[in-house]
Structures are given as structure tokens and as C-alpha cells.
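I opened the model to look up a few things. My notes follow, entry by entry.

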Amino acid sequence: MKISHTYSFIILIVILLCCFVLNISLGSVSIPFSEVFGSLFGNIDNMTSQVIITKVRLPKAITAIMVGSGLGISGLLMQTLFRNPLAGPFVLGISSGASLGVALVILGSGLFGGLFATALISKWSIVIAASLGSFLVLLAVLAVSSKVRDTMAILIIGLMFGSITAAVVSVLSYFSSAEQLQQYIFWGFGSLSNLSWEEILIFFGIYSLGIILSVFSIKGLNALLLGDNYAKSLGLSLKSSRFIIIFATSLIAGTITAFAGPIAFIGLAIPHLTRQIFKTSNHKILLPAVFLFGAIVMLICDSIAQVPTSDYMLPINAITALVGAPVVIWLLVRQRRMMF
Amino acid sequence: MLQSKDNIILKVEDLAIGYNTKKVETVVASNINFELEKGQLIGLVGANGIGKSTLLRTLIKVQPALSGKILLNSKDLKSTSTIALAKQLSIVLTEPLLSKNLSVFELVVLGRHPYTNWIGNLSEDDLTIVNNALELVNISELKDEKCYELSDGQLQKVMIARALAQDTDVIVLDEPTTHLDMYHKAYILKLLQKLTKETGKTILFSSHEIDLAIQLCDTMIVMQKDKVVCNQPCRLITLGVFNSLFPKDLIVFDNTSGSFRVSK
């Protein structure tokens, strides 16, 4: 690793820490910096601030870090695996699967009645439905990927799952009440808040497993930069590395969608931003850099979304799209130099 | 005769190549027999569509042989594992690089992939081999350039350096001279010849530069519709193999100069 990269990493880590502190200092209730630090390190008199920090803001900030870094990394894995600069964590149909699961629970209650006829759908049932949905799609994709030799075919199959989901959701919404539709739409906005520490622990467990698998894929990902035939000639087992990469992405993106909803653009935009800034395709540098960038951008997006000192909470998906879409446009305009 | 047996690095016996989709078997070429010696430069020539690429793809195990045997270092290619093969055979293909955002050094380092640990850290030895490869190909000064900044000729040299860094007995190149101007065509082939002399590696390449190949190769494999001939270039000329390589209405082979002439 070059010295300039070491400096860049130190700077990124410092920025991340600053964004983290800034993120938990901002919110609808203004809490002075001294109390923020006090509650982080456990010596504080103001109980209200303590509760707000440890029960609300800290879990949200940690969620933001996991969501941002996780989506960034799974986007990076997919872009390299599919050699497609527009691939993201959800190209495998993971978010479609999750959406379908959630749609069936929320919207399906009107259609099927009886079993689902409770007026309010609990948070856990949505998490379970999203996990189940993305897990089933993942199984289907993995089954297909072991049969299909062509990596591009998997990409198309993922897209097809997306179309099927969209169709089922529109059928379901036709039969749903306005309230149910609203609840489904709200889930689609994405949300980083309202996670309990137990939920975060489960989230963290699955997320870390995915991240560890990604770290083990670094060497293979670099070989894949040369193309399938070269990678194979370098002794890489295409089948098993492809499996591990898809599995890692599914774990990370699946669990994020289950807990925070389908969060758009971060997974697509962060790897490109990182490549432009670090000017390399070497995954040994890219992977940690994407991790830090993703976390930073997500913390910033979340800080904006909560509109400091106001009671408003903008949908996180709107903010990420506002950040992400210009990046995509910028990339397309500069396409001649778009490398990956 | 016995001595020359030890010298054989790649042996092909009754090989049939082609494609096997479902129940339909398309045979591109069959009855291929040849032996390649260590440290030689071997050119594979033949008309378009005769199956040069298919033969190379079969030799590097990208596609399976229809029948027959390929022995690399006297071991059947079929039973050689991917990782063991990676340490014996490296390739340079015509397909464009997917990512040109790597530096020349980073790309050549990828050649060390079969030897490095799980995360790809380089040992002192690895670094020496990589720097050696860069020097052999005369691109040490391009080390920190990005691949998208290179010309086609430079990029080809980088890909050859990457194959050298893989430190294999055999290097197979698929049409390494396409897209290059006349000077660079000669330069690349001359470079390959130098590498066989200096490193003792066996280098097999396919090419349409028959004139150059005749001048530079130790052995040539000529693919024709009904047969595949493998011999020294001067022997092939006396045997008149090149005369029947192409339809005679446009170009004819001139035995004295060893090159093709447009018929008037």
C-alpha cells in the first residue's frame, strides 16, 4: 500500500469519527456536546439526554454505519462480479424479494383477511417477511448460478425477479386499503431509527459474517478484474468464488433491507465515488475505502434527513437518492473515463 | 531419441477439438498430434476460422477436448487441478481487459496470484519476480502508469510481463500481434523469441504473421482443413505446406523468400 493511501485512510477514519459524533449530537432535542460525550462514557447527571443518546441516537448512528458500509461493499462486490458499472447490491433481486415479503404481509392482509387481519402489523413481522423474501430469492439465485455458466445470465434473472415482484405488488395494492398502502410506502422509504439493541445485535451478527466473507474474496475479486478466463488461468475456482461473493452480498444486503428497508443508490454510487477518489481498482484498497465512505455518506444523509432542531424526519431514501442520482448522472456524462 | 523425450513439455495425442452442445458435436479439427520442446518459440498459423483459437482454448483448458489426450509435463491436462495448471501454464488472450483502472505494477502483480496467501500479500521473492518480469519486457519505467494510458503495443507487453510473473513453464498467447503496427508486430514476436532464449520457457502463440513467424519460430504448427502439421519452418517450406494454406487465386507462397506474394 502506498503512503498516500495510508494518509487517505487516516483522514477518512477521522472524518468518520467526526460524522459519528456530529450525527448523535444533532436531533429534534438539542443536546450540548459535553452531555453527548458524558452519556457516551457513562458519567452524566441529565437522565433525559442519557436516554435520548443511548436508546435513540446511538443505535441509529450504528445502524447508519452498518447500512452505509454494507451497501457500499455489496455494491462493489456486484460491480466487480458482473463487470457492470451500474450493478448494485440489489441486482440479484434481493430487495425485490424483501419487498415482496413485506407487500404480502402488509397488503396481503386485505386480500387474504383472516390470518393477517390485524390492523397494525408489528415491526418484527415486517423484518421476518423481508428476511424470508430476500432469503428465498437468494436461494433461487444461488440455485440458478450453480447451473448457469454465464455471469450475465444471473444478472438478467435478478432483474426478472424484480419485474415479477413489481407485478405482484401492483396486483396486491389494487386490492388494498389506503392505510395499508401507506404503511407499505413508508416501509419503502427506508428507516434507520427504531432499532432496539437486540435487533442491532442480530443485524450486526449477520452483517459481520457477510463482511468477513467479502474480505476473504478480495484476492479473487482482483483476479476477476482480468475477466473469467484470466481469473481461471490464475488458479481461481470461478464457481466457488462466485458463490461466496453472491452469498456475502445476499447476507449483507438482505439483512439491511430487512431492518432498514430498501435503501437506494448508496450501493451503486459509493463504489464509483471511491474509485474516482482513490484512483484504483485494487480491492485491497477499495474494500476498506468503500466501507469508510459508505459509513460516512450514510451518517451525513441521516443527519440531513432528521433536519436538525426540527421535529421533521425526512425519508432516508429521498436523501440518499438526492445524493446518489447526481452521481449516476455525473458518471454517465463522463462515461469515457468511467473505469472499474 | 530418448534424450529428446525428456525435453518434451507439451504432447498432444489424437486430439479432436470442437464444441459439444447438448447432443450435437461440432468437430472443428481432429487427429491432431504434435510434441513441443522446452525453451522453444512455437507459432500456430492457419486461415481464418480453421480452429486456431479453438485449439489454443483446448490447450489452456478453457474448453474440453472432444477426444484424445493433452499431456503437460507428462501429466494429463484433464487430471491437472486449476491451481496446479496455473503454476505451469499462463495465458495472454485477445479479449480486452475488463478493468484498465489498474496500474501496470498492480496488473503484473496479479500474475503472482497462484503463489500468494489468502489476501494476496507479496513476499520479497514475489516482488523480485515481478520486477524481473517488468525488466525482461522493458517496461520498468511504465510501472506506475495506469493501463488506460497505454498504447496497444505497451498493453500487450504488460500482459506478457503478467504472464511471465506467473512463472510458468509454458506461455500461450492468442494472436498477440493483432491491432499492432508492423514495427510492433515484429517487436512483440522478437521479444517472445528473446524470452524463450533467456528464460527457457516454452512460448506458443497463434498469429496471422506467417512471414514473421517463419523467420522467428523454432517450430511452427500449421493448421489446414484436413491436417495439422508441426515442424521446423524451413522443413515446412520444403514440404510445400504453405503453398496449400490459402486458395491460390489471390496470394501465392514464394519458397525462395519465404513469404506470400499477391499474384498478378
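**Entry: a histidine in chain A.** I looked up A:H5 and found it in helix α1 (residues 3–25) of chain A. Helices here are DSSP runs of H or I with at least four residues, strands are runs of E with at least two, and both are numbered from the N terminus. A:H5 is partly exposed, with 16 other C-beta atoms within 10 Å. The cut-offs are these: 20 or more other C-beta atoms within 10 Å of a residue's own make it buried, 12 or fewer make it exposed, and partly exposed lies in between, with C-beta atoms placed from the backbone. I then checked A:F278, 273 residues from A:H5 along the chain; their C-alpha atoms are separated by 7.7 Å.

**Entry: ground rules.** The model is predicted, so I note that local features need pLDDT of at least 70 and side-chain atom pairs count only at pLDDT 80 or more, while totals for chains, interfaces and linings use all residues. Residues are numbered from 1 along each chain as its sequence is written, and chains are lettered from A and ligands numbered from 1 in the order in which they are written.

**Entry: chain B overall.** I count nine helices and 12 strands in chain B. Its radius of gyration, taken over C-alpha atoms, is 19 Å, close to the 18 Å that the globule rule gives for 264 residues, so chain B is as compact as a globular protein of that length. The rule is 2.2 Å times the number of residues to the power 0.38. Of the 264 residues of chain B, 40% count as buried.

**Entry: the open sheet.** I traced four strands in chain B in the order β2-β1-β4-β5, with antiparallel pairing. Pairing takes at least two DSSP bridges between two strands. β2 (24–37) and β5 (75–76) of chain B stand at the edges with a single partner strand each, so one side of each has no neighbour in the sheet. Five bridges join β1 (residues 8–21) to β4 (residues 67–72) of chain B. B:A16 stands opposite B:S67 in β4(B).

**Entry: the core.** Which residues touch the most other members of the largest nonpolar core? I find A:V102, B:V108, B:A161 and B:V172, in a core of 167 residues. Such a core is a set of buried Ala, Val, Leu, Ile, Met, Phe, Trp, Tyr and Cys residues joined through C-beta atoms within 7 Å. Helix α13 (residues 283–305) of chain A gives the most to this core, with 15 residues.
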